[in-house]
Amino acid sequence: LEFLFIRFSAWQYAGCDKLWAGLVTTLCDNVRHHFGPLLLSFYHVMGTRPRYASGFSQKEWVLKTDTCLKLWGLLFVLAVGLTVLLVALLVPGIKDHHALKVVGSAVTSLSGSGLVLGAVSVLKNLLISEKQKIERLTNSERFASQLGFMSKVRNEVEVLVGFLDFMEIFERRQLRVVLEITSLDICYPEKVAGVLNAMNTLLSDANAPFIFILAVDPSVIVPCLEQTGCMKGLADNGYLYLNRTVTLPFSIPEMGARSRLRCLDAAIQTREDLMYRVITGNIERRRAKGAPEPPSDRRQLDADAVRCIHEAFGCLHDGADPLARYLPTNGAHLRRIVNTIPITLRLLLYRSGVPGVPDTLSPRDAAAWVVLADQWPCRLSWALQCLEDAWQSRPTPELGARSLWSIFQEHLGELSALRQPLHNALSLDGDPELFQTFLAHDFPFDATDAHTLLGVTVNLDHSIRHRMGLLRGLARLQ
C-alpha cells in the first residue's frame, strides 16, 4: 500500500472564481508530477480503465483491447503497405505495375498517418497538462454558460482515476491519494461549499482511490455553509451537512502539558533566534568593523531586555508557576504570546527611560498581562474602558489602588446588558471562571498597573474598547 500525500491550501486559490477547480487542478498536477508526464500522456491516448474480473475467474484484471487492437492493426497495415510498396519497387517483373505502387503508397500513407496522429496526441498531452486544460476552461469567456464544463472536468478526473487503477496493477500495490485540505475556514462561504461539493464529486465513484483530510474549525465552517444555498433540504443545519459528508470525524483533544511544552519550546526557540542571537551578532559585527560602540544606556537596555525576555520565558516553562496553567492550547495563540512578550518588555524598558523594568512590574507580570490580553480580550477591554471612564470622571488616588477585578465586577451588570451588541467580541474570550481566578487570585493587577501596561499592549484590539465606550455612552443617554 502506497500513499501519495497532496496538500491543498484553500487560501492560495481563494482569489479565483471557482475554488473547487483549484482542488482538481492541484490533484491532477501532483499525480502527473509523481508518476511522470510521459506515462500519463501515453495512458491518455492508448490506455483504458481496467475492469476487474468478476465471478470465479482467477484473472486479477481484464483490460479492454480496443486501443491495443487498433495499434496492432495500424502496425500490421503499415507493414503490409510497406511490403507491397517494396515489392512493387524492387521485384523484377512487377516494377511496371503502377496500380500496385499506388495501392502500397496509399496503405502506407494512411496507416502512417494514423500512427503520426497518435504520436501527436501523446506529444500534445505531454506538453499540455490536465491542470492547464481545466484552467483554460475556467478562464474561458463562455465559462458561465458552458453547459459541458463540469462534464469535461469530470472526464479529466475519470481519466486520472483510470490511470491510478492501471498503475496499481502495473506496480502490484494499492495506491491511495490523500488530499490534505487546510485554510478552508478563512475563505468566503460560497467557496467553502464549492470545495465540499468538489470532494463529494471526486468521491462519487465507489472505487475512487481518494482520501480527504479536512482540517477545519466547525464553528467557522458551519455558519459558512448555512449562509449558502447548499443547505436546502437539510433544515439549514450545517452540522447535519458535515455529519453526512465526513465519514470519520476526529476532533483533536485539548493539548496536553507535554505537547504544549513542546509547542512552546519551538516557538521560544524561534523567538530567541530572532532576539538574542541577532543582538549578539550585531555587537560582534560592530566590533569587527571597528564601528563606535553605542551609548552605555543603550547597551544596558539591550542587556536588560535579553535578561527580562529569558526570565519571562522561564516563567512560562515553570510547571509550578500558576502562569503555565493559563497558556492556551492552540498553537497559533502560543506563538502569538511568545512573539508578543519580547515586544512588550522592550517597550516597557524604553518607555521607562532608565535601565530595568519599573519596580512595580516584573517580567513575569508583563508575560501574564500578554496572556490576559490574548485569552480574554473582550473582558479585559471592558475593565479597561470602565477604568478609563472612572479616571476621567473622578481621578482620585484611591482609584489607582483598586484591583482590576473589582472594577470589572462592579460593572458586570452593564456588560451583561450589552451582551447582544458585543456577542462577537465576547466569543473571543476563553473560560470566564479562569478569568476570575486569574485576576482575583493569581495576578491581581491594580489600576496603576493596568494604566502602565496599557501603553505597551500590542496584542489587544483597541477597537473593541472604543466600541464599548460608544455603547456605554449611548446606554447612559437612554
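Student: Which residues of helix H19 (residues 432-442) are buried?

Tutor: Start with the term: buried means under 20% relative accessible area, exposed over 50%, and partly exposed in between (1.4 Å probe, protein chains only). In H19 the buried residues are Phe435, Phe438 and Leu439. Helices (H or I, at least four residues) and strands (E, at least two) are DSSP runs, numbered from the N terminus. This is a predicted model: local features need pLDDT of at least 70, side-chain atom pairs count only at pLDDT 80 or more, and totals for chains, interfaces and linings use all residues. Residues are numbered from 1 along each chain as its sequence is written, and side-chain values use heavy atoms, with hydrogens and water left out.

Student: Why do the buried residues of H19 line one face of the helix?

Tutor: Look down the axis. The arc is that of the directions from the helix axis to the C-beta atoms. The buried residues of H19 fall within an arc of 75 degrees, so they line one face. On the other side of H19, Glu433 and His441 are exposed.

Student: What covers the buried residues of H19?

Tutor: Contact means heavy atoms within 4.5 Å. The cover includes helix H13 (363-375), helix H14 and helix H16 (404-410).

Student: Which residues of H21 are buried?

Tutor: They are Ile464, Arg465, Met468, Leu471 and Arg472. These residues cover an arc of only 120 degrees around the axis, which puts them on the same side of H21. The face turned away carries the exposed residues His466, Leu470 and Leu477. Among the elements covering the buried residues of H21 are H14 (377-393) and helix H20 (447-454).

Student: What span should helix H21 have?

Tutor: The expected span of a helix is 1.5 Å times one less than its number of residues. H21 (residues 462-477) has 16 residues, so it should span 22 Å; its end C-alpha atoms are 23 Å apart, which agrees.

Student: How do I read two packed helices?

Tutor: Two packed helices are described by the angle between their axes and the distance between the axes. Axes are lines fitted to C-alpha atoms, for helices over the stretch in contact, and angles run from 0 to 180 degrees between N-to-C directions. Take H14 and H20: their axes come within 11 Å and cross at roughly 105 degrees. That makes H14 roughly perpendicular to H20. Angles under 35 degrees count as roughly parallel, over 145 as roughly antiparallel, 65 to 115 as roughly perpendicular and the rest as oblique.

Student: Which residues of H14 and H20 meet?

Tutor: Leu384, Leu387 and Trp391 in H14 meet Ala447, Ala450 and Leu454 in H20. By class, this contact has 6 nonpolar, no polar and no charged residues. Ala, Val, Leu, Ile, Met, Phe, Trp, Tyr, Cys and Pro count as nonpolar, Asp, Glu, Lys and Arg as charged, and the others, Gly among them, as polar.

Student: At what angle do the axes of H7 and H8 cross?

Tutor: The axes of helix H7 (residues 189-202) and helix H8 (residues 218-227) cross at roughly 95 degrees and come within 8 Å. H7 is thus roughly perpendicular to H8. Pro189, Val192, Ala193 and Leu196 in H7 meet Ile221, Cys224, Leu225 and Gln227 in H8. The classes here are 7 nonpolar, 1 polar and no charged residues.

Student: Where is Arg172?

Tutor: Arg172 is in the loop between helix H6 (149-171) and strand E2 (175-182). Arg172 has a positive phi of about 60 degrees, although it is not a glycine. With a relative accessible area of 61%, Arg172 is exposed.
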